[in-house]
Each structure stands twice: as structure tokens, then as C-alpha cells.
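Please find below some notes for a colleague who is opening this model for the first time. They are set out as numbered points, to be read beside the sequence and the structure.

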Amino acid sequence: MLAILAALLYLCCSQRLKGAFSTGMNILVCVKQVPDSADTISVSEDSSRIMYNDGTVFRLNRYDEFALEEALLVKECFPGSRVDAISVGPERVRQAVRKALETGADHGIHVRVESDEYVSPLTRASLIAGFARTRGYDLILTGIMAEDDMECQVGQILAEKLSFACATSVMFQEISGDEKTIYVEREIEGGVRECITLAMPALLTIQSGINTPRYPSLSNVMRARSQEIEVADPQPADSLSMERSIIGLGYPKDAGTGEFLEGTPSDKARELLGILHELSMI
Amino acid sequence: MKRSFNIIALHCDGKILPETYELFNFVRDMGGETITFIILGSEPHVLMMARELAEKTGTDVICATSKYLENYYAQGYRDVLKGLVSTTDPCFICIPHTASGYDFAPLLAAALNIPCITAIEDIQDSLFIRSMFGGRIRAQARPSAPSAVLTVQPGAWEGSADYSGPGGTVRILPVDIPPGKTVIHGFKKSLSHDVGFCDAEVIVSAGRGIGSEQNVTLIKRLAALFPRSAIGATRAVCDLGWLGYRHQIGITGNTVSPRLYIACGISGAVQHISGMKNSRIIVAINTDRHAAIFRTATYCIVEDIKTFIPLVLEEYSRRSGNPVNGSS
């Protein structure tokens, strides 16, 4: 009897199982699918959109992988938690949702957008907000930015639309025992972290390096294979939600002033050493 | 159409961040005439900073003060600025794209229900230019509404204020904000600067393009050719665990300016470039001829570091007659 009490006491106090008596967290992770490499993309002739080719391989945005892992770590701390993964886009993004399920998410949502064009952060956030508003999430996590559009906006706008507290560039998080607040360290310039406590529910955008994303386990892969992905049809909440300010795409014009070394690899190696010698570097 | 420009001044430790002055030049580049700085903080420090801004730029400053604004916090900045910035007339709200700037800029835009364009690095033909896909694609942006929030990439404009005329006015505006639900605990240094960047004349840096952790050895061997050298890395390489975070160069890591910077397998995302672009000579080695790093480099070498660095080492030992040592 004493041993059981001691064990329970330990469970309550331990960091890993802080929420031993909680009913768990309801967590949403927003993931984006991005092309694996910029080598396989081009700009359409009318400069309006990115074109993918047959060689384009898509994968999860790396920052979102860190966000997903962080969500799974929270779930492990708070038994009874549930992790939903949501993605906005055309049919192909179902792959990204599936990948999240394989990695350990419990439920997947695909917010359908018919065409494979640029979707602005405001539109993306509005679509996610339209879905998330009624689902009672305690915590929403996403990457600090998408590797393709690099806008750093969706998380913050989503937080504003849902009236969640928000912190970006998060490198550490810890939910309080009473589940009312969350302590966060955000990375700012020059290797400094800003330490703050936010009220829950909260939205965090996750910086890379916060954790080590896990690989999908065989059992999760098997489970995800037959699992249904919920389809949500877009319900933009307001007039501005279909806005876009990006009006044209192209390639950088300025080639730079650098000098390309030419010839065989050995020629280049010799020339480089010649240059370094002239600069008295070696 | 007359448009007003509000520049949100950011500060840290009682000092105005240089990016604030860069924004002043950005706005002047856009032909901005009606310019107002807005600075938020607690007395007395914020008053001194407000006066400095007014003197150095000849521009009027609104100085919003509250004891709760001593340190930056997103919700406080959003609430105060939402009240101060009237968007009944067309206006651009300009904010540095720093860790604080991009933290609250989209919140403010969403609260005001106006568009937000982030990380602007150039203006061409009255359009804002920003990078996508790690610098491989250049996007042109024009706000879809008369008013917008803009964030500007640090370092994209000069930060020096060359103004010497009469100073602008400072309007002090005590703001009544509730304490807010955010508790600010302060700052924490998470990076140790002990990899010798300060003393290094040469920095050899590794990007994801080096291919694998084993190839870090090649980077170390190349660095060992130089008597005062250090090893740098992109954030991606540190995230992969190939090198420790103390090696990281870029916005969230170290900023360096050695005599020689050799970028190996680095694509040249703006986050990395801003940490090393002031290096005197930049040599870039990358397999992709279109990599963004080549736009910053002095010497560009389109080769794979796995085969190219061994050639350089071989050639070096042939010239000097010394075998190249493996470790540094």
C-alpha cells in the first residue's frame, strides 16, 4: 500500500508524468508540405506560380517536424492527450498528414484547397482557424516558418484569430502542473533566449533544434495506413482572408559580382590556392 | 495618394537597435514624407531613446510609456500599437524583421485586419522584393490593401543616420494597459562563444550540402591549412548534430567578419548570409551553380566538396612539400 502511495507521489512530482491525473492536452499541429529541393521547381511563364516537375519530391517542412515531435513529447508527459495534425492544400498534402500520423499523431485533417497555387499566410491561417475554432484545443504548435515561402506568419495570425497567447521561435516549453500556464524560452538574436510564461491556451511556433524528431515506428505506420483523414472544406471567416500580396515570382536577377573559377576540378583547386597565396592567407 | 509611414523602433538594454535606423532609410527609399517613429517602453530609459531618435533623424517620435512595457512582449506591443496606429488613412507600419519584430508584426496585422508582408529585402519598381525557397525564388509583393504591416530584413538597408538638421518632436503618451497575462522572466544566454571566431582570420563553414557528418573532417582539414582558423556551420548542420550550436553562424547564432570565409555546401539562405556577409573575402563551394551563396561570394566554385577539398589538400601538400595533417 505504502509502495503504491509512494509510486503515485512520484508520478505526481516527476517532470515526465506531470499530468498524471489530468485528462490530457488537446493539441493541434499545423504541418506544411514543401518540395524537398529547390532544384526541381520553376516559375510559370506568367510569373504567377511555382511549377513542380516529375522529379519534385515533397516532404514535411522541417520546422513542422520539430513542432510535431514537441507535441508528441507533451502527449507523453500528459497521458490522455491527443495530437491532431492539420494541413492546408491540394490533394498532395494528404501525404504530409499521413506522414504525421505515421510519426505518432492520433488524427489527421486535410483542409482542401483545389488549385496548387500560392496560398497567403492570412488565407492559410484563416482556413485553419475556421476549423480549429470549435475544437477546444489547449495547445497549437507549428514550425517557425515554412521552408518554401519563408514568411513567419501563419502561427501568429492563427493565434490572433483564435485569441490564443502566442510565442515564436520557441526552443523550450514546459506546461505548469495546473495546466493553466506554459513557460517558454524563445530564441532571439545572438544566442540569447527570452524567457516568458504565457496563459493557456497558447500557440507556439517552434524553432529547429528544440528536440530530435523521431522516426515513424512500424506500429504507427501500420495504423496510419488504414486510418481515415478528416476532410475539411474551407470556410474563410472574413473578407480579407483570401487576400494575397505576393503578385509575381521570378529568379534573382543580380548574379552578384563574384568570379566563377572555371576549368577542371584540379584547375580550380590550383587557382584557389593561387588566390589564397596572393592574399597571403597561406 | 498620401500615405503615412510609422516606424516601430525596437530596443534592447536601453539601446535602440540599429535595425530601427535601417528602417528609416528603407522608408526614405520609398519616398516616404510623413514619417513617425513609435517607441514603446517604460520611463525613464524610453524617453532618452525617443530623444535620440528625434535628434538623429529629425523625425517626430511618439513615445508610449507604461511600467508594463519595460521589456518587449508580443501582446503588449500589439495592444498598444493597435490603439496608436490609425488605419483610417493609408499607412505602412514598418517593423524590423528581428526575433521580436516578426513575433508581433503578424499579430498586429491580424488585429488591424490588414495584410502583412515579411522579410522585405529590396524595393524595385515600387514593388517589395522578398526571398522564397532559400533565396532561389524572388517574390514581388504589393499590399492588397491601402494599409499594411511591413517587416524589413536586417542589414538590407544602411543603418547610419547622416542627418544633422533640427531634431523632431517627442510626444510622450502614457498608455493604460492591463498587466497582461504574459510574465516576462528576463533573458538567458544559451550560446558559448568559445570556438575562436573572435581571433580567427579564416572561418571555414559547413552547410547541409557537405552531405554527411563524416565530411566535417574535410572541413576541419581545410581549416587546418590556415594558422588562425575556426569552424563555422549553418543552423541546419547544428540541428542535425554534425557540429555543436556554438559553431552556428547567422541571425540566431554568431555574427562574424573574418578576412576569409570559406562556405562549403552552403546554399545561402538569408538567415546565414546576414551572419557572415561582412567577411572581407568569401569563397563559396557548392554543386548548385544557382545557389544564392554565389551572389554574395567573391570567388565561386561549382564543385562537390567531397571531391574538391581533397584536391585542394593534395595540391597544397604538393606545393609546400608537406603532407597535410588530418586533424586540427
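**Notes on the model**

1. Leaving aside residues within four places in sequence, Phe37(B) is in contact (heavy atoms within 4.5 Å) with Ile7(B), Thr20(B), Phe24(B), Leu53(B), Thr57(B), Thr59(B), Asp60(B), Val61(B) and Ile62(B). Phe37(B) belongs to strand S4 (residues 34–41) of chain B, where helices (H or I, at least four residues) and strands (E, at least two) are DSSP runs numbered from the N terminus. With a relative accessibility of 0%, Phe37(B) counts as buried; buried means under 20% relative accessible area, exposed over 50%, and partly exposed in between, with a 1.4 Å probe and protein chains only.

2. The model is a predicted one, in which local features need pLDDT of at least 70 and side-chain atom pairs count only at pLDDT 80 or more, while totals for chains, interfaces and linings use all residues. Residues are numbered from 1 along each chain as its sequence is written, chains are lettered from A and ligands numbered from 1 in the order in which they are written, and side-chain values use heavy atoms, with hydrogens and water left out.

3. Buried residues make up 55% of the 282 residues of chain A and 56% of the 328 residues of chain B. Among contacts with a separation of 6 or more, residues 24 or more positions apart account for 71% in chain A and for 66% in chain B. The C-alpha atoms of chain B fill a box of roughly 70 × 45 × 40 Å, taken along the principal axes.

4. Over all chains, a search of the whole structure finds eleven aromatic pairs; rings of Phe, Tyr and Trp (its six-membered ring) pair if their centres lie within 6.5 Å, and planes under 30 degrees apart count as stacked, over 60 as edge-to-face and the rest as tilted. One of these pairs is tilted, because the rings of Phe26(B) and Phe128(B) have centres 6.1 Å apart and planes at 35°. This pair links distant parts of the chain, with Phe26(B) in helix H1 (residues 18–29) and Phe128(B) in strand S8 (residues 127–132) of chain B, 102 residues apart. Both partners are buried, Phe26(B) at 0% relative accessibility and Phe128(B) at 4%.

5. How are the rings of Phe92(B) and Phe128(B) set against each other? Their centres are 5.9 Å apart and their planes are at 70°, so the pair is edge-to-face. Phe92(B) lies in strand S6 (residues 91–96) of chain B, 36 residues from Phe128(B) in S8, and Phe92(B) counts as buried at 6% relative accessibility. Ring pairs join Phe5(B), Phe26(B), Phe92(B), Phe128(B) and Trp157(B) into a cluster.

6. The charged end of Arg3(B) sits over the ring of Phe92(B), 4.0 Å from its centre; a charge sits over a ring if NZ of Lys or CZ of Arg is within 6 Å of the ring centre and within 35 degrees of the ring normal. In chain A, Arg92(A) lies over the face of Phe58(A), at 4.2 Å from the ring centre.

7. Helix H5 (residues 154–162) of chain A is largely enclosed by the rest of the structure, because eight of its nine residues are buried. These buried residues are Gly155(A), Gln156(A), Ile157(A), Leu158(A), Ala159(A), Glu160(A), Lys161(A) and Leu162(A). After H5(A) comes Ser163(A), whose phi is positive, near 55°.

8. Thr252(B) lies in the loop between helix H6 (235–239) and strand S15 (260–264) of chain B, and counts as buried at 12% relative accessibility. Not counting residues up to four places away in sequence, Thr252(B) touches Glu187(A), Ile188(A), Gly190(A), Gly191(A), Gln207(A) and Arg235(B). The side chains of Thr252(B) and Arg235(B) make a polar contact of 2.9 Å, that is, a pair of N or O atoms within 3.5 Å, where within protein one must be able to donate a hydrogen and the other to accept it, and residues adjacent in sequence count only if both atoms are side-chain atoms.
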